Amino acid sequence: MATFSTQDIDNMHHLYRINLINSCSGYKSANLIGTKDNLDVTNVAVFSSITHLGSNPALLGFFLRPTTVIRNTYENIKSTGKFTINHIYEDILEDAHHTSAKYDAQISEFDTTKLEEEYKDNFFAPFVKGCPIQIAMSYVEEYSIQANNTILLIGKIEKLHVPDSLLEKDGFINLSKGKVATINGLDGYAIPDLKKRLDYQRPKPEFAIPND
């Protein structure tokens, strides 16, 4: 088994370190964030850090790398307050991954790929057409992570679009039916297959603490 110390990680080649540390945390969400600036120039970019923060209110968050260089997604969200989250699925893996390329702010990734803009309910930011899960988001707040100068940006769900075929009776969204992707590291894509759902867990009776 390979073992890496802090010193090993600090001294290794930067590309090896990037791949190692980005993949050691496990599978991550695979999403496209859609935005638009005040001049109606659209942007779509792949993110693997979107996470659930709470259900009431319905909040999602994601991390942005340092803004010492222009981050079009961040700038658009801060100026308009709106963005969309779209789940990457099997048919668009290559085009979705290409949105990680650094284009000028005046160039839309919708024009450099086969991804298509879609608008719903007069929401300002574009959705990605065909994505099995599409979420309209509004900016809430952000937090600066001092350890590495990244930003945790938090948004509130305004509308959630889910096909009936993926929605179970209890509200569970079966992502495997939509061939929704996950990311391993920075560039490894997988299509998970749901194996089993388990019941809500309670302590076993033999380990319960008796009441006084």
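Gly 34 sits opposite Val 44 of strand E3 in this predicted model. That pairing belongs to an antiparallel arrangement in which six bridges join strand E2 (residues 31–36) to E3. The two strands make a hairpin, with five residues between them. Within the turn, Asp 40 has a positive phi of about 70°.

Let's look at E3 itself. Six of the six residues of this strand (residues 42–47) are buried, so E3 is largely enclosed by the rest of the structure. In a regular strand, side chains alternate between the two faces of the sheet. In E3, Thr 42, Val 44 and Val 46 point one way, while Asn 43, Ala 45 and Phe 47 point the other way, and all are buried.

Which residues of helix H3 are buried? They are Asn 72, Thr 73, Tyr 74, Asn 76 and Ile 77. These buried residues pack against E2 and E3, and also against strands E5 (58–64), E6 (82–87), E9 (134–145) and E10 (150–161). Just after the helix comes Gly 81, which takes a positive phi of about 80°.

Now for the cysteines. A disulfide is a covalent bond between the sulfur atoms of two cysteines. How many disulfides does the structure hold? The count is zero. Two cysteines can be set side by side by their accessibility:

| Residue | Relative accessible area | Class |
|---|---|---|
| Cys 24 | 59% | exposed |
| Cys 131 | 6% | buried |

Cys 24 is exposed because its 59% relative accessible area is over the 50% cut-off. Cys 131 counts as buried because its 6% is under the 20% cut-off.

How values were computed. Residues numbered from 1 in each chain as written. Heavy atoms only, no water. Buried < 20%, exposed > 50% of the residue type's maximum accessible area, 1.4 Å probe, protein only. Helix = DSSP H or I, 4+ residues; strand = E, 2+ residues; numbered from the N terminus. Pairing = 2+ DSSP bridges. Contact = heavy atoms within 4.5 Å. Disulfide = S-S within 2.5 Å.
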